[in-house]
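Below are my notes on the structure, as numbered points.

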Amino acid sequence: SPDGRMLAASTEWPELASSSTFIWETDSFELIAEIPNLGNLNGNSLAYSIQWSPDSTRLAIPTGDTLSIWDVSNEQLTARLTGHTQGINDVAWSSDGTQLASISHDGTANILNTSLGNVQVTLDVSTDVSSSPNLAVVWNLDDSQLAIGVGENIQIWDMTTQTLISTETIPNNETIIDLRWDDNQLMVLTPSEVFIWETTSRQFT
């Protein structure tokens, strides 16, 4: 969790056709919660991208085509999104915790209002998403832009107008594994290298 007090991990139980997300305290290593993973797509209910809210009070758990948001303190489900038609590969909270972006192999990215529990915006990311083994999504620090990694390409979206403003291809043409945004630098992780994309110069270093 962002405050360093908790650790979450998802485990699947094939023999039970179910899976759960477990939460431990990092100081005592005591198991403090077990949350059921609600989604199931083609028999797969494992959560591949568990994301804490910025204030460490909520946990976003994508399983299959379902995105669930849980209040960790009382283990209560606060929102459940079933808007995607294929598996969700990554999710990202906005810095203020009011929005949650999800990227799916159905070729769309949904922006969820975490208070109302509904989809505010759907972005048409790509018709080629289904062929990409991994997808990634991250907000910039003021939540005005969204970066989406699809294959070897990064899409930069203006979230004020919900328009695609730039598409960048990473130098080694490898699949993007993860994205991190810090000030004017976007960190791009690939299987063999880490690249930094400068948002002001629009150059890789």
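1. Pro62 stands opposite Leu67 in β6. The two belong to a pair of antiparallel strands, β5 (residues 58-63) and β6 (residues 66-71), held by six bridges. Strands here are DSSP runs of E of at least two residues, numbered from the N terminus, and two strands count as paired if DSSP finds at least two bridges between them.

2. On provenance: this is a predicted model, in which local features need pLDDT of at least 70 and side-chain atom pairs count only at pLDDT 80 or more, while totals for chains, interfaces and linings use all residues. Residues are numbered from 1 along each chain as its sequence is written, and side-chain values use heavy atoms, with hydrogens and water left out.

3. The β5-β6 pair sits within an open sheet of four strands, ordered β4-β5-β6-β7, with antiparallel pairing. Its edges are β4 (51-52) and β7 (76-81), each of which pairs on one side only.

4. A hairpin is formed by β10 and β11, with four residues between the strands. Strand β10 covers residues 108-113 and strand β11 residues 118-124; they run antiparallel and are joined by six bridges. Within this pairing, Ile111 is placed opposite Val121 of β11. In the turn, Gly117 has a positive phi of about 75°.

5. Another hairpin consists of β14 and β15, again with four residues between them. Here β14 (residues 153-158) and β15 (residues 163-169) are antiparallel and share six bridges, and Gln155 faces Thr167 of β15. The turn residue to check is Gln162, whose phi is positive at about 55°.

6. For charge, Lys and Arg count as positive and Asp and Glu as negative, with His and the chain ends not counted. A salt bridge is a side-chain nitrogen of Lys or Arg within 4 Å of a carboxyl oxygen of Asp or Glu.

7. Asp90 lies in strand β8 (residues 88-93). Its side chain does make a polar contact with the side chain of Ser49, at 2.7 Å. (A polar contact is a pair of N or O atoms within 3.5 Å; within protein, one must be able to donate a hydrogen and the other to accept it, and residues adjacent in sequence count only if both atoms are side-chain atoms.) Leaving aside neighbours within four places in sequence, the residues in contact with Asp90 (heavy atoms within 4.5 Å) include Gln51, Ala101, Ile103, Leu135 and Val137.

8. Glu168, in strand β15, is also buried without a salt bridge; Arg202 is the nearest side chain of opposite charge, at 4.2 Å. The side chain of Glu168 has a polar contact of 2.4 Å with that of Ser166. Beyond its neighbours within four places in sequence, Glu168 is in contact with Glu152, Asn153, Ile154, Trp197, Arg202 and Phe204.

9. How many salt bridges does a search of the whole structure find? There are two. One joins the side chains of Asp3 and Arg5 at 3.0 Å, N to O; Asp3 is partly exposed at 36% relative accessibility, and Arg5 is partly exposed at 47%. In the other, the closest N and O atoms of Arg180 and Asp178 are 3.1 Å apart. Arg180 is partly exposed with a relative accessible area of 45%, and Asp178 is partly exposed at 23%.

10. The largest nonpolar core has 16 residues, of which Leu123, Leu146 and Ile148 touch the most other members. Elements giving two or more residues to this core are β9 (99-104), β10, β11, β12 (135-139) and β13 (145-150). Another core, of 13 residues, lies apart from it and includes Ala147, Ile154, Ile176 and Trp197. A nonpolar core is a set of buried Ala, Val, Leu, Ile, Met, Phe, Trp, Tyr and Cys residues joined through side-chain atoms within 4.5 Å.

Notes:
Buried < 20%, exposed > 50% of the residue type's maximum accessible area, 1.4 Å probe, protein only.
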